[in-house]
Structures are given as C-alpha cells and as structure tokens.
Amino acid sequence: MAAPEKLSSKQPLPEPFEGLRIKEDRYFPKTCANCGKVYVNLEEFVNSTIPLPKSSGLMGYFDNQPNPVVALFRNCSCGSTLTLLCLNRRDMSEHGRQMRRLFDQMVEGMVQKGMPVAGAREEIRRFFKGHKTDELDRLIKK
Ligand SMILES: [Zn+2]
C-alpha cells in the first residue's frame with residue numbers, strides 16, 4: 001500500500017500528548033472495529049489519526065489515581081472514533097505540577113465561594129478542556 005509520508009513508530013508524540021503512555025500494553029496493536037486499520041503503537045496511533053473537531057481529544061480524570069488517567073479520543077481515517085486509556089506521568093514536568101496546583105487552587109476558590117466540591121471540580125475540568133463554563137465565569141466576575 002502507498003504510504004508517502006513515513007509515519008514511523010519513532011515519531012515523537014506531538015505537544016499535548018507528550019508524556020502519555022498507554023495504560024495497558026495489550027491496547028496495541030489496536031484495530032479499528034469499523035475499517036480494520038491497525039495501529040501498532042501510541043505514536044503511530046496519534047500521528048495517523050485525525051483530531052476530533054473542537055477538542056484536544058484528551059479527557060483527564062484526576063480523582064484518586066496515583067497517575068491521572070487520560071482518555072484519548074481520535075478519529076480513524078474512516079471517521080470512526082477510537083478511544084484509548086493512557087496514564088499521564090504525574091512528575092513528568094514542572095508544567096504538569098503547575099497545572100495540578102492551579103486546578104486545586106481553582107477548586108478551593110470556588111468552594112470558598114459556596115460551590116460544592118464535586119461541582120467545582122467538574123466545572124474546572126470543563127474549563128481545562130476548553131469548554132465555556134458559565135458557573136466559573138460568574139464566580140470569577142463576582
Ligand atoms: Zn477506521
């Protein structure tokens with residue numbers, strides 16, 4: 001088959017996916033259930049699939065995990081959405097630590113303004129994912 005662009009497995013993960021590793025090795029090779037395309041590893045998966053429109057395709061779960069679990073959504077070239085569970089290494093970078101600190105501070109700030117913890121965490125997750133959060137807007141403007 002013709003593969004003009006060499007999508008070698010050595011290709012590094014692009015920016016937002018840096019530091020991710022798959023939660024379980026058995027995820028690869030991953031086969032698209034719709035068209036049968038096979039992805040041999042995470043690098044090839046990220047580099048050969050199409051990002052979801054208006055989303056990084058990453059959804060993080062911070063709760064009670066030694067490592068945050070990240071769900072990674074990508075579209076296969078056939079249009080089917082594929083999901084992988086990854087781990088994000090907590091200590092991978094100063095940036096990650098800052099983001100977690102910021103997350104905690106934002107939750108605390110919202111709780112102090114009268115929001116329940118669970119709701120605050122949900123809002124801030126949405127915010128981190130780039131969604132508009134009316135609740136957060138409202139609290140920040142207070
Ligand atoms: Zn497919």
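**View 1. Buried residues of helix 3 in the predicted model.** Ala 120, Glu 123 and Ile 124 are the buried residues of helix 3. They lie on the same side of helix 3, because the arc they cover around the axis is only 95°. Helix 3 runs over residues 117–128, and its end C-alpha atoms are 16 Å apart; this agrees with the 16 Å that 12 residues should span at 1.5 Å a residue. Gly 130, which follows helix 3, has a positive phi near 90°.

**View 2. Pairing of strand 5 with strand 6.** Seven bridges join strand 5 (residues 69–75) and strand 6 (residues 81–88) in the antiparallel sense. Val 69 has Leu 87 in strand 6 as its bridge partner. Between the two strands the hairpin has five residues, and Gly 79 takes a positive phi near 100°. On strand 5, Val 70, Leu 72 and Arg 74 form the covered face, whereas Val 69, Ala 71, Phe 73 and Asn 75 form the uncovered one.

**View 3. The largest nonpolar core.** This core has 11 residues in all, among them Phe 17, Tyr 39, Val 70, Leu 72, Leu 84 and Cys 86. At least two of its residues come from each of helix 1 (42–48), strand 5 and strand 6. Leu 42, another member of the core, is in contact with Leu 20, Arg 21 and Ile 22, leaving aside neighbours within four places in sequence.

**View 4. The cis peptide bond between Phe 28 and Pro 29.** Omega is about 0° for this bond. Pro 29 sits in the loop between strand 1 (20–22) and strand 2 (30–31). Most peptide bonds are trans.

How values were computed
Residues numbered from 1 in each chain as written. Predicted model: local features only at pLDDT ≥ 70, side-chain atom pairs only at ≥ 80, totals over all residues. Buried ≥ 20, exposed ≤ 12 C-beta atoms within 10 Å, placed from the backbone. Helix = DSSP H or I, 4+ residues; strand = E, 2+ residues; numbered from the N terminus. Pairing = 2+ DSSP bridges. Core = buried A, V, L, I, M, F, W, Y, C linked by C-beta atoms within 7 Å. Contact = placed C-beta atoms within 7 Å. Expected span 1.5 Å × (residues − 1). Arc of directions from axis to C-beta.
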